[in-house]
Amino acid sequence: MNYTTQMDAARKGIVTREMEIVAKKENMEMSKLMKLMSEGKIIIPCNKLHKNIDPNGLGSMLKTKINVNLGVSRDFKDMDMEVEKVNNAVKMGAESIMDLSSYGDTRKFRKRLTKECPAMIGTVPIYDAVVYYHRALMKITAKEWLDIVRMHAEDGVDFMTIHCGINKETIKKFKKNKRLTNIVSRGGSIIFAWMEMTGEENPFYEYYDEVLDICREYDITMSLGDACRPGSIADGTDASQIEELITLGELTKRAWEKDVQVMIEGPGHMPINQIAANMEIQKTLCYGAPFYVLGPIVTDVAPGYDHITSAIGGAIAATHGASFLCYVTPAEHLRLPNLDDVKEGIIAAKIAAHAADIAKGIEGASDWDNEMSLARKELDWEKMFELCIDPQKARRYRQEAKPEKEDTCSMCGNFCAVKNTNRILDGEIVSIFDE
Ligand code: SF4
């Protein structure tokens, strides 16, 4: 192989198998794809050791992709259940799975994922370090943090979220500019605690070049984590978030110098009116690197419904430049999601991604909607079920409240606007009341 990473290949003018697949899926000319990849604006996360990956590209000019977070925790350690969730997520169209396991033999689960799962696999090595070393946080050394990054690379993961952007300067800003909800990123809080207890610089920031060397060797995409993402709408676009984003922009450039593919993680909680501006700020400060948003959740008051609050934010974010949406389930802020929560989270994220693709003019995105609308006009229920984002639910709803007449639904019955307009246009008499 005469290239290191997909970015390196694009820069050298080498067409990889992964590029061919992505160009076909996105209906994009190879020369355009390669140019955008060489500039870092499109990435194809794929570890050289993840052999059965079905590659996908991420970039604001491509179809919006979604990620599903899964993994065992101390309170819920059923690995088979997590595998079932992964399989369902892939069947439902998730392009990416992040394994956030934080309990037990995490390596076994991770290796199983990269061996069996065709979706791109992401991890957060910092969670795993605490489990792997089985030792108090402050006793983990800087070198040991980096060893975990290498281990995940060897296990075949395609992208890693690493919180390199929170350094001593960011922490000064964070302490000076008080927030309503402090740090809500799990990885960010771990590295913050470690830095405060040891007095040392963030090892992922201090030894960033070594992290990049590992990424380059395996072609790991660096997902630059946002330790200071706002955890409440009150903290949206505050000094800590922006300070960290400036650092992430600098780190993006350094990664590109080593041909390492990069995406930037984003908010978090944020009022709707700030989302478009945040996408612009990110694009400028991070030179157009793909943006991976965790929400944004647009109001803080809806636990149990945060798949909705985040789908609203995600649709707006993707319309204005985000490339990749992390799903949020109704269980967010409350518990580890179960199978139903995962399903609802995926559907909500897919709706947000699709709505954004229509808005940003992705070729062919609205064909699906037009087919559905035609079936609706023709009152063709079977066709509508076939085209539904969740056929099972749509079918169940109709069956639970059957109409008297098959060519209407129980919402309006004889008053069915669609049916009556079709009849009038066909030259029929419509009386409604005695039909
Ligand atoms: S009955 Fe009403 S809701 Fe149902 S298909 Fe006709 S117009 Fe639509």
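Start by selecting helix H8 (residues 168–176) and helix H12 (residues 239–257); their axes come within 9 Å and cross at roughly 170°. H8 is therefore roughly antiparallel to H12 (the term used for angles over 145 degrees). Axes are lines fitted to C-alpha atoms, for helices over the stretch in contact, and angles run from 0 to 180 degrees between N-to-C directions. Helices are DSSP runs (H or I, at least four residues), numbered from the N terminus. The model is predicted: local features need pLDDT of at least 70, side-chain atom pairs count only at pLDDT 80 or more, and totals for chains, interfaces and linings use all residues. Residues are numbered from 1 along each chain as its sequence is written.

The crossing of H8 and H12 is right-handed (the near helix is turned clockwise from the far one by less than a right angle). Now show the contact: Thr-170, Lys-173 and Phe-174 from H8, with Ala-239, Ser-240, Glu-243, Glu-244 and Thr-247 from H12 (C-beta atoms, placed from the backbone, within 7 Å). These contact residues divide into 2 nonpolar, 3 polar and 3 charged (Ala, Val, Leu, Ile, Met, Phe, Trp, Tyr, Cys and Pro count as nonpolar, Asp, Glu, Lys and Arg as charged, and the others, Gly among them, as polar).

Next, select helix H13 (residues 272–285) and helix H14 (residues 306–319), which pack at about 35° with axes 9 Å apart. Their crossing is right-handed. H13 supplies Ile-272, Ile-275, Ala-276 and Met-279 to the contact, and H14 supplies Gly-313, Ile-316 and Ala-317. This contact has 6 nonpolar residues, 1 polar and no charged.

Notes. Helices (H or I, at least four residues) and strands (E, at least two) are DSSP runs, numbered from the N terminus. Angles under 35 degrees count as roughly parallel, over 145 as roughly antiparallel, 65 to 115 as roughly perpendicular and the rest as oblique. Two residues are in contact if their C-beta atoms, placed from the backbone, lie within 7 Å.
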